[in-house]
Amino acid sequence: MKLYRPVGTAELKLIEQTGYKAFPPRLPEQPIFYPVLNEKYAREIAERWNVKDTSDHKGYVTEFDVDDDYCSKFQIQTVGRSYHQELWVPADELETFNRHIIGTIKVITEFSSDDADIKEM
């Protein structure tokens, strides 16, 4: 299954430290890790939320593959419009989730507070 994860710079640096192989543990106030099912939704989050809510005003869209059989244990959640689809992975399962990532986590788009500064990777 191809999944996407919008992230800010701090989270991206933690992903980089793993060799782009894993997502960092969730913070105590973040009980769910929610990768999204389509690039359109991931781009919306990165551009609208990560850019606004991060100190450097940057947001990134990552793309990665996860073993289909493993992903099938998580229910797809629709949280808004029909394409606002996510997998809700309990935070205590993230380490196992990371072991099911196939290949590496790729950065495919970068957004910054300057709308003209959108970089397709």
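This is a predicted model: local features need pLDDT of at least 70, side-chain atom pairs count only at pLDDT 80 or more; totals for chains, interfaces and linings use all residues.
Which backbone nitrogen does the side chain of Asn38 reach at 3.4 Å? The side chain of Asn38 reaches the backbone nitrogen of Lys40 at that distance.

**Overall fold**

The protein contains 4 helices and 8 strands. Followed along the sequence, these elements come in the order β-α-β-α-β-α-β-β-β-α-β-β. The C-alpha trace spans about 40 × 35 × 30 Å along the principal axes of the protein. The radius of gyration is 14 Å, which agrees with the value near 14 Å for a compact globule of 121 residues.

Of the 121 residues, 45% are buried. The protein exposes about 6800 Å², and carbon and sulfur atoms supply 50% of that area. Contacts between residues at least 6 apart in sequence were also sorted by separation: 71% of them join residues at least 24 apart.

**Helix 2**

Helix 2 covers residues 39-53, which is 15 residues. From its first C-alpha to its last it reaches 20 Å, close to the 21 Å expected at 1.5 Å a residue. The helix has a kink of about 30°, and this kink is centred on Ala46. Ala46 is also one of the buried residues of helix 2, together with Tyr41, Ala42, Glu44, Ile45, Asn50 and Val51.

What do the buried residues of helix 2 pack against? Their partners are strand 1 (2-7), strand 3 (58-66), strand 5 (85-87) and strand 7 (101-112).

Glu44 can be taken as one example from helix 2. Its relative accessible area is 15%, so Glu44 counts as buried. Leaving out residues up to four places away in sequence, Glu44 touches Trp49, Tyr83 and His84.

**Asn38 at the start of helix 2**

Asn38 sits in the loop between strand 2 (32-33) and helix 2. Asn38 caps the N-terminal end of this helix, with a side-chain oxygen lying 3.4 Å from the backbone nitrogen of Lys40. The Asn38 side chain also reaches the backbone nitrogen of Tyr41, at 2.8 Å.

Is Asn38 buried or exposed? Asn38 is buried, because its relative accessible area is 19% and the cut-off for buried is under 20%. Beyond its neighbours within four places in sequence, Asn38 is in contact with Tyr4 and Tyr83. Tyr83 is also among the residues that Glu44 touches. Asn38 and Val79 lie 41 residues apart in sequence, and their C-alpha atoms are 13 Å apart in space.

**Two residues with positive phi**

Most residues other than glycine have a negative phi. Tyr20 has a positive phi although it is not a glycine, and His57 likewise has a positive phi without being a glycine. The table sets out their values.

| Residue | Phi | Loop | Relative accessible area |
|---|---|---|---|
| His57 | about 55° | between helix 2 and strand 3 | 35% |

Definitions and conventions
Residues are numbered from 1 along each chain as its sequence is written. Side-chain values use heavy atoms; hydrogens and water are left out. Helices (H or I, at least four residues) and strands (E, at least two) are DSSP runs, numbered from the N terminus. The expected span of a helix is 1.5 Å times one less than its number of residues. The bend at a residue is the angle between axes fitted to the seven residues ending there and the seven starting there. Buried means under 20% relative accessible area, exposed over 50%, partly exposed in between (1.4 Å probe, protein chains only). Contact means heavy atoms within 4.5 Å. A polar contact is a pair of N or O atoms within 3.5 Å; within protein, one must be able to donate a hydrogen and the other to accept it, and residues adjacent in sequence count only if both atoms are side-chain atoms. The radius of gyration is taken over C-alpha atoms; the globule rule is 2.2 Å times the number of residues to the power 0.38. Accessible areas come from the Shrake-Rupley method with a 1.4 Å probe; for residues, only the protein chains shown count as cover.
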